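Dear colleague,

I am passing on the structure we talked about, together with some notes on what came out of going through it. Please have the sequence and the model open while you read.

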Amino acid sequence: MLVIFGASGDLTARKLIPAILNLAVDGHLPKNFVVLGASRSSWSDEEFRKNVVLESKHLKSETKKEAEKIITDFADKLFYHELGADQDSDYGPLKDRIESLNKEYKTDSNYIFYLSVPPSAHESISKNLHEQDLDEETEGWRRLIVEKPFGYDLETAKELNVILQRYFKESQIFRIDHYLGKETVQNLLVTRFANSIFEPLWNRNYIDHVEITNAESGGVEKRAGYYDTSGALRDMFQSHLLQIVAFIVMEPPLSADAEEIRNEKLKALKSLRIMTDEQTLRKNTIRGQYVNSVINGEQVKGYREEEGVDPNSVTETYAALKFYVDNWRWADVPFYVRTAKRMPTKVTEVVIHFKSPHHQIFKDSGMTNKDNKLVIRIQPDEGILIKFGVKVPGQGFNVERANLDFYYSSLTETHVMEAYERLILDAMQGDATLYARADEVEAAWAFVDPILEFWKTSDAKVYGYSAGVWGPENADELIEGYGMWRNPGANLADDPGFCVIC
């Protein structure tokens with residue numbers, strides 16, 4: 001039984017229910033399975049079913065595509081329980097409803113509690129569940145899925161972990177980061193550890209620098225209230241991007257066991273060199289904020305003009321960092337990571353820049369500044385691209401860079417799960433590999449906290465950039481000796497003069 005707290009919220013209708021429906025359609029759900037929505041809205045079972053399935057705007061394509069019986073059978077397994085207006089209201093009636101559904105649908109007392117609610121509600125919900133013994137695993141198992149943000153800084157993250165662990169065991173807590181549900185993020189591990197053409201080269205002897213870009217073409221839209229108290233560094237870097245960094249940096253785990261992988265991720269995050277002195281922070285961090293501009297003939301508001309944003313806000317919508325990793329594998333290899341809104345395109349990718357050969361016999365052949373690259377595209381146009389040198393036909397040894405690529409879309413026989421589908425299924429199966437552990441979260445905040453503290457000072461400037469461009473011009477100064485960031489297009493293979501036409 002999946003019990004969703006905050007079931008009347010946007011996330012449930014937009015992401016969770018469509019993910020569960022897809023799991024049902026693909027045959028991944030057990031026969032004895034039900035969803036119980038719990039929220040303050042005064043809905044009946046029928047109203048819940050209409051709002052999130054039968055008349056949901058987020059499921060229009062699915063309801064047309066799938067047979068009516070599949071949709072109605074799925075909807076019949078959705079139920080709703082109205083919680084009291086007070087966060088500390090009695091959970092006795094909720095326990096009765098859970099036990100009644102458990103008995104009727106034979107779910108073997110296996111419960112997942114999904115907290116699709118703000119962090120401020122985590123303590124009251126987990127406390128109330130504990131007081132009703134709904135955390136006890138005397139019959140069946142109990143798991144708690146927690147949505148980010150996991151705290152606002154290191155102190156609040158520690159407080160949140162203490163609260164959750166007061167009522168549930170750490171092994172029962174699943175901190176969900178939907179970025180880790182993306183196939184291409186998981187493929188970082190396979191690319192590294194399953195291929196002898198990469199693993200021997202995955203170190204400071206062969207890699208020059210690593211570049212990660214997360215760009216969104218949209219603005220803050222309806223999230224201004226949250227975003228203005230958060231910013232790009234908290235919203236994207238501390239969680240999603242540092243998890244990607246951990247996959248790149250980590251040492252080979254002893255096995256594919258969840259705890260072995262999470263142990264190595266923790267070591268990776270703890271090996272990041274924490275920047276504390278002002279000079280380093282000023283030199284290696286840049287923050288910016290988009291200002292109004294015209295994109296494709298349409299006037300676009302600046303961040304401070306967005307509804308719900310403080311007109312004098314210094315919240316960053318662009319964050320770029322340069323940092324190092326203090327271990328043997330990555331000593332002196334710079335990592336460049338940026339995340340931003342109102343970019344020219346929506347894209348997330350990792351670029352591994354390999355060093356040039358020490359003895360260059362073709363250095364006059366036009367190969368200068370055309371290093372070998374491994375590009376791992378996380379979204380969109382998911383895939384992997386290797387850039388390497390080839391001889392241009394004709395006399396002499398003119399060298400040009402060629403592409404060797406793989407696209408997930410070419411796997412026509414394989415359904416690539418959406419992130420929430422994969423993560424919810426993993427939680428059902430008790431696989432915590434792609435979920436963040438308490439110590440991982442705290443290690444990530446320990447790296448980010450000093451940057452946030454520095455950005456509060458008057459010495460930390462906020463640079464403006466026009467909506468629709470690749471951030472502040474001086475962001476290229478961060479990339480010492482390399483000229484500029486790789487500004488990717490919507491397609492994975494996006495070299496000038498090359499396009500994908502089908």
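Below I describe the chain as a whole and then turn to its salt bridges.

Please keep in mind throughout that this is a predicted model.

The protein chain contains 14 helices and 17 strands, and its C-alpha atoms fill a box of roughly 80 × 55 × 50 Å along the principal axes. A compact globule of 502 residues would have a radius of gyration near 23 Å, and the 24 Å computed for the protein chain therefore agrees with that expectation. Of the 502 residues, 53% count as buried, and among contacts between residues at least 6 apart in sequence, 76% join residues that are at least 24 apart. The accessible surface amounts to about 23100 Å², with 50% of it belonging to carbon and sulfur atoms.

A search of the whole structure finds 22 salt bridges, and I would like to take you through a few of them.

One of them pairs Glu349 with Arg486, with the closest N and O atoms 2.5 Å apart. This pair links distant parts of the chain, since Glu349 sits in strand S13 (residues 347–354) while Arg486 belongs to the segment after strand S17 (463–466), 137 residues apart. Glu349 is buried, at a relative accessible area of 1%, and Arg486 also counts as buried, at 13%.

Another salt bridge joins the side chains of Asp326 and Arg273, at 3.0 Å from N to O. Asp326 lies in the loop between strands S11 (318–323) and S12 (335–340), and Arg273 in the loop between helices H11 (258–270) and H12 (278–284), so that the pair ties together parts 53 residues apart in sequence. Here Asp326 is partly exposed, with a relative accessible area of 45%, and Arg273 is likewise partly exposed, with 35%.

Asp426 counts as buried at 4% relative accessibility, whereas Arg422, at 22%, counts as partly exposed, the cut-off for buried being under 20%.

Finally, salt bridges that share partners join Arg192, Glu199, Glu251 and Arg329 into one network.

Notes:
Residues numbered from 1 in each chain as written. Predicted model: local features only at pLDDT ≥ 70, side-chain atom pairs only at ≥ 80, totals over all residues. Heavy atoms only, no water. Helix = DSSP H or I, 4+ residues; strand = E, 2+ residues; numbered from the N terminus. Rg over C-alpha atoms; globule rule 2.2 N^0.38 Å. Buried < 20%, exposed > 50% of the residue type's maximum accessible area, 1.4 Å probe, protein only. Contact = heavy atoms within 4.5 Å. Areas by Shrake-Rupley, 256 points an atom, 1.4 Å probe, with all protein chains shown as cover. Salt bridge = Lys/Arg side-chain N within 4 Å of Asp/Glu carboxyl O.
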